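Here are my notes on the model you sent over. Have a look at the structure first, then go through the points in order.

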Amino acid sequence: MWLGLKDQPSIANIFNPSLLKALIFNFVSNLGNIDYPSPVLGNETCGRLFCYQRNSNKMSNRFLHFLFFVLISLTLFSCKTGSVNLFKAATPHEQYQRKLINAGLDQTAMGSAWIKSASLSLEKALNITLPYQETGYFASDKAPAAAYQFTATKGQKINISITKKPANAAMLYLDVWHFPVGGSSKLVASADTLNNPIQYEIDVTGNYLIRLQPELLQSVQYTLEITTGPSLSFPTSTNSSKSIGSYWGDGRDNNARKHEGVDIFGKFRSPVLAIAEGTVTRVNENNLGGKVVWLRPKGKDYTLYYAHLDEQIASEGQEVKVGDTIGLMGNTGNAKNTATHLHFGIYAPDGAMNPLPFIDPVTKTPQKITASVNNLNKTLRTSKAVNFLNAPLPDAAVVERLSIASIVNIQSATGTFYKAELPDGKIGFVQSTALSEITRPLKKIKINMLQKMVYDQPERTAAIKKTLTNGQLVNVLGSFGDYQFISDEGALTGWIVK
Ligand SMILES: [Zn+2]
């Protein structure tokens, strides 16, 4: 099923009950713990959103927050119709984003983080090769999105599917762009988890980019699979690449010229098939090809060429369907003294193309995921010095060399690799076997005067989570740069300077 940009029937309604519940929960739990930098008026503290009695207890504050957010939510509910439905957005992702904006949620921290994450993930897109498979986890408190770039060849059909756990979990949005060399990006396909998989025929060889993003405030485990196959069927009834005996580019006439097609061997006078719906444009004879048939697939810029036929069955101007017999295999042209075969070629306006990606019946399956999915969304540390890579391949480009005990956060598992985030926000791949749990401390240290501040991130500008006392014992769980990741006796974790 092709899922293009025309019809996107199912989009997530951001006002569904589970999201509302999640929003309320999130706001209530966050608001209850946040001290707004706020002016003090009398004995009231006025935050950004409301005022409350400073001396009132936390429960009643939370209740007020709850009431406040329910009111906001009800207002949004009643505003649901209106501008939202006036515009027909192109993709499920765009429609969802428009709903967030119309509901004013882009003004909230989580809403704006979601929108920012959508574009930022594209800048951080990692390299993958097809076929590809990963199982990952999107945590609701992080407004996450993931993006990958890959190359695909004209004639291939890519199949992108997502499954999620639980099945009724958050909606996920999928978008695919083509990046032509020197040109601007073009959105070529999109879907959400209700209308996937995407099947997309590659019309231009080049770089493609895929983004995956869940709806706001929902956690979900997903498996993304991208496979490649042929966009056309096979031109003989053998339907096997084993019957291909000579490939594109093989030398011909003592290497005076290159083979501009593939040779598919078979029985004399066995059927040769139309592999696309289209029009037979020419039925004639030439010196090299002997009896030939040309077929123009409907809506395409290329023509299929069938040569060495013993007999042409289709006639010029005939409309054919996939599987129609257009001729019988033979030995005409320069195949007089060879084994019986079909020479099959594809010609685009700029010349002959390798027909193999169009017809190779083999759909390659991705490498099995052996990295444990139990570690998704977990913080782990390196058990040895290891390369942090920009692709899940041992010889991929090194983003960074991680020293032993470096802290990483696991986002997804692919093959033997994890896709992970470093504490500074860099994203890359690391061998799963080079990581271990952080539950057992590396050592205990006594806090000195310079180490009292426990930061949220390994940097001095990060929020301070706690101030420790001089001489206090803490567990060292790992490190990153000039900082150590520690836990105190209350199991609070954070970063202190080394
Ligand atoms: Zn040939």
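1. Let's start with one of the prolines. Pro-131 sits in the loop that runs between strand E4 (126-127) and strand E5 (132-138); helices (H or I, at least four residues) and strands (E, at least two) are DSSP runs, numbered from the N terminus. The peptide bond joining Leu-130 and Pro-131 is cis, with omega about 0 degrees. There is another cis bond between Lys-165 and Pro-166, where omega is about -10 degrees. Pro-166 lies in the loop between strand E7 (156-165) and strand E8 (172-179). For context, most residues other than glycine have a negative phi, and most peptide bonds are trans.

2. Before going further, a word on what this is. It's a predicted model: local features need pLDDT of at least 70, side-chain atom pairs count only at pLDDT 80 or more, and totals for chains, interfaces and linings use all residues. Residues are numbered from 1 along each chain as its sequence is written.

3. How far can you trust it? Mean pLDDT (the predictor's confidence in each residue, from 0 to 100) is 83 for the protein chain, and 82% of its residues reach 70 or more. The part to watch is residues 1-87, where pLDDT stays under 50. The model has 94 contacts beyond four places in sequence for residues 1-87, a contact being two residues whose C-beta atoms, placed from the backbone, lie within 7 Å. Where pLDDT is low, the predicted coordinates should not be read in detail.

4. On the overall make-up: the protein chain has six helices and 37 strands. Of its 498 residues, 35% are buried. The cut-offs are 20 or more other C-beta atoms within 10 Å of a residue's own for buried, 12 or fewer for exposed, and partly exposed in between, with C-beta atoms placed from the backbone. Taking contacts between residues at least 6 apart in sequence, 64% join residues at least 24 apart.

5. Now the inside. The largest nonpolar core has 71 residues; such a core is a set of buried Ala, Val, Leu, Ile, Met, Phe, Trp, Tyr and Cys residues joined through C-beta atoms within 7 Å. Among those with the most contacts inside this core are Leu-174, Ile-210, Tyr-418 and Val-430. A second, separate core of 30 residues includes Val-272, Tyr-302, Leu-309 and Met-329. Leaving aside neighbours within four places in sequence, the contacts of Leu-174 include Ile-160, Ile-162, Ile-198, Ile-210 and Leu-212, and also Asp-192 and Asn-196.

6. E29 pairs with strand E28 (residues 407-414) in the antiparallel sense over five bridges, where pairing takes at least two DSSP bridges between the strands. Thr-414 has Phe-417 of E29 as its bridge partner. The hairpin of E28 and E29 has two residues between the strands, and Gly-415 takes a positive phi near 55 degrees there.

7. E29 is also joined to strand E30 (residues 427-431), again antiparallel, by five bridges. Glu-421 stands opposite Ile-427 in E30. This hairpin has five residues between its strands, and Gly-425 in the turn has a positive phi of about 95 degrees.

8. Strand E35 (residues 473-480) is another mostly covered one, with six of its eight residues buried. Four bridges join E35 to strand E32 (residues 443-446) in an antiparallel run, and Ile-445 is partnered with Val-474. E35 also pairs with E36, antiparallel over five bridges, with Ser-479 opposite Gln-484. In the two-residue turn of the E35 and E36 hairpin, Gly-481 has a positive phi near 60 degrees.

9. Two backbone spots I'd look at: Arg-269 has a positive phi of about 65 degrees although it is not a glycine. Arg-269 is in the loop between strand E16 (262-265) and strand E17 (271-273), and counts as partly exposed with 14 C-beta neighbours inside 10 Å. Ala-491, likewise not a glycine, has a positive phi near 65 degrees. Ala-491 is exposed, with 7 other C-beta atoms within 10 Å, in the loop between strand E36 (483-487) and strand E37 (493-497).

10. Not counting residues up to four places away in sequence, Trp-294 touches Val-280, Thr-281, Arg-282, Thr-303 and Tyr-305. Thr-281 is 13 residues from Trp-294 in sequence, and their C-alpha atoms are 5.5 Å apart.
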